Amino acid sequence: MMIPIKKVIPLLLIICVFGCNRNSKTAMKAEQKSDTQKIEAILDDYVIYWNSNEMDSWGTLFTDDADYINRKGGWWKNNKDNVAGHKHIHHMLMEMRQPKTFSLEIHKIEFLKPDVAVVQALSEWPGFKPNNSGEPIENMKGIITCVFVKTDGKWLIKTLHNTLRD
């Protein structure tokens, strides 16, 4: 028994649309998982470079036009100034013999678009010495919020805001 072509074409279209849609969603989830892992790896590198005082390498994690707001409200409006400012800070940190114990714990990665993500992470710096006045050593805690952008297949930090927390 032959099925009329008028009935076959709509059926094939339905199968194609729903089948392609399912495959498309699966592919999008797989890509988002891959992107999540890439962003996590960048923040792992962020910590490694920070603790080893490798500010030039640390700077490669940011876009050229990055905005970085530090925990004291300083605002660098491009990556060149961001890296230079952090080199100065790291020079002081080394003179203060700050421990290399900074860490991040990612709490949220939200994709606003396939090429834009907002990340929130908690930072801790056990053994941080607030200043050279002999104050007790503390566990400095913070929150960072980053906007990541994907350009030419590579994720970079476009904006980072660092603040202290209790």
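**Entry 1: Terms and model**

I take buried to mean under 20% relative accessible area, exposed to mean over 50%, and partly exposed to mean in between, with a 1.4 Å probe and protein chains only. The model I examined is predicted, so I note that local features need pLDDT of at least 70 and side-chain atom pairs count only at pLDDT 80 or more, while totals for chains, interfaces and linings use all residues. Residues are numbered from 1 along each chain as its sequence is written, and side-chain values use heavy atoms, with hydrogens and water left out.

**Entry 2: Salt bridges**

I looked up salt bridges, each being a side-chain nitrogen of Lys or Arg within 4 Å of a carboxyl oxygen of Asp or Glu. My search of the whole structure returned 7 salt bridges.

I began with Lys150, which forms a salt bridge with Glu31 at 3.3 Å between the closest N and O atoms. Lys150 belongs to strand β5 (residues 138-151) and Glu31 to helix α1 (residues 5-51), and the pair links distant parts of the chain, 119 residues apart. For these names I use DSSP runs numbered from the N terminus: helices are H or I of at least four residues, and strands are E of at least two.

Lys150 also forms a salt bridge with Asp35, where the closest N and O atoms are 3.1 Å apart. Because Lys150 lies in strand β5 and Asp35 in helix α1, this pair ties together parts that are 115 residues apart in sequence. I recorded Glu31, Asp35 and Lys150 as linked in a network of salt bridges.

Which of these residues are buried and which are partly exposed? Lys150 is buried at 19% relative accessible area, and Asp35 is buried at 3%. Glu31 is partly exposed at 43%.

I then checked Arg165 and Glu124, whose side chains meet in a salt bridge of 3.9 Å, N to O. Arg165 lies in the segment after β6 (154-164) and Glu124 in strand β4 (residues 116-128), so parts 41 residues apart in sequence are tied together. Arg165 is partly exposed at 23% relative accessibility, and Glu124 is partly exposed at 28%.

**Entry 3: Strand β1 and its partners**

I next looked up strand pairing, for which DSSP must find at least two bridges between two strands. Strand β1 (residues 62-69) pairs with β6 in the parallel sense over 4 bridges. Strand β1 is also joined to strand β2 (residues 75-76) by 2 bridges, and these two run antiparallel.

Where are the bridge partners of Tyr68? I found Leu160 as its partner in β6 and Trp76 as its partner in β2. The hairpin of β1 and β2 has 5 residues between the strands, and Gly73 there takes a positive phi near 95°.
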